[in-house]
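Open the model in your viewer and keep the selection panel at hand. We will go through it stop by stop.

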Amino acid sequence: MHSATHPETEDRELPAAKPEAKIFACNGSLRARLLDLRENQPGWSNNIIAKRLGVNASVVSQYLNDAGCIYPGDVAKLERSID
């Protein structure tokens, strides 16, 4: 390979690190109940929960994220649907 188009390893730019996800306030006990349902009840998954709530599975995934609630949407509205 031509060195003009492919810099040496030490001269290459490293990819930027992902920014830390912002954690949003949520109802901790409601979130804990959903996590318990998903982890301890056979047949429950983010997809099933999302279908029952009428939302996309990514919304449930963001709400139940291991780091905390990273769902940037209307958390209060989502929690009213869950409750």
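## The whole chain

Start with everything selected. Of the contacts in the protein with a separation of 6 or more, 54% are between residues 24 or more positions apart. This is a predicted model. Colour by secondary structure: the protein has four helices and zero strands. From the N terminus on, the elements run α-α-α-α. Of the 83 residues, 24% count as buried.

## Stop 1: helix 1

Select residues 28-40, which are helix 1. Check its length with the distance tool, from one end C-alpha atom to the other. The end C-alpha atoms are 18 Å apart, which agrees with the 18 Å that 13 residues should span at 1.5 Å a residue.

Next, show side chains. Which residues of helix 1 are buried? Pick out Leu-30, Arg-31, Leu-34 and Leu-35. Look down the axis: the buried residues of helix 1 fall within an arc of 135 degrees, so they line one face of the helix. An α-helix has 3.6 residues a turn, so residues three or four places apart point the same way.

The buried residues of helix 1 pack against helix 2, helix 3 and helix 4.

## Stop 2: helix 4

Move on to residues 75-82, helix 4. Its buried residues are Val-75, Leu-78, Glu-79 and Ile-82. They cover an arc of only 100 degrees around the axis, which puts them on the same side of helix 4. What lies over them? The cover on the buried residues of helix 4 includes helix 1, helix 2 and helix 3. Turn to the face of helix 4 away from its buried side, and you find the exposed residues Lys-77 and Arg-80.

## Stop 3: the core

Hide the surface and look inside. In soluble globular proteins, nonpolar side chains tend to be buried together. Here the largest nonpolar core has 15 residues. Select Tyr-63, Leu-78 and Ile-82, the residues with the most contacts inside this core. Helix 1, helix 2 (46-53), helix 3 (57-63) and helix 4 each give two or more residues to the core.

Centre on Ile-82. Which residues is Ile-82 in contact with, leaving aside its neighbours within four places in sequence? They are Leu-30, Leu-34, Leu-53 and Tyr-63.

## Stop 4

Select Cys-26 and Cys-69. The structure holds zero disulfides. Cys-26 is in no disulfide, and its nearest cysteine sulfur, that of Cys-69, is 4.7 Å away. The cut-off for a disulfide is a pair of cysteine sulfur atoms within 2.5 Å. Cys-69 is likewise in no disulfide.

Are these cysteines buried or exposed? Cys-26 counts as partly exposed because its relative accessibility is 30%. Cys-69, at 1% relative accessibility, counts as buried.

## Stop 5: ahead of helix 1

Finish with Glu-20, in the segment before helix 1. At 76% relative accessibility, Glu-20 counts as exposed. Draw a distance from its C-alpha atom to that of Ala-67. The two C-alpha atoms are separated by 9.9 Å, while Glu-20 and Ala-67 are 47 residues apart along the chain.

Methods:
Residues numbered from 1 in each chain as written. Predicted model: local features only at pLDDT ≥ 70, side-chain atom pairs only at ≥ 80, totals over all residues. Heavy atoms only, no water. Core = buried A, V, L, I, M, F, W, Y, C linked by side-chain atoms within 4.5 Å. Buried < 20%, exposed > 50% of the residue type's maximum accessible area, 1.4 Å probe, protein only. Contact = heavy atoms within 4.5 Å. Expected span 1.5 Å × (residues − 1). Arc of directions from axis to C-beta.
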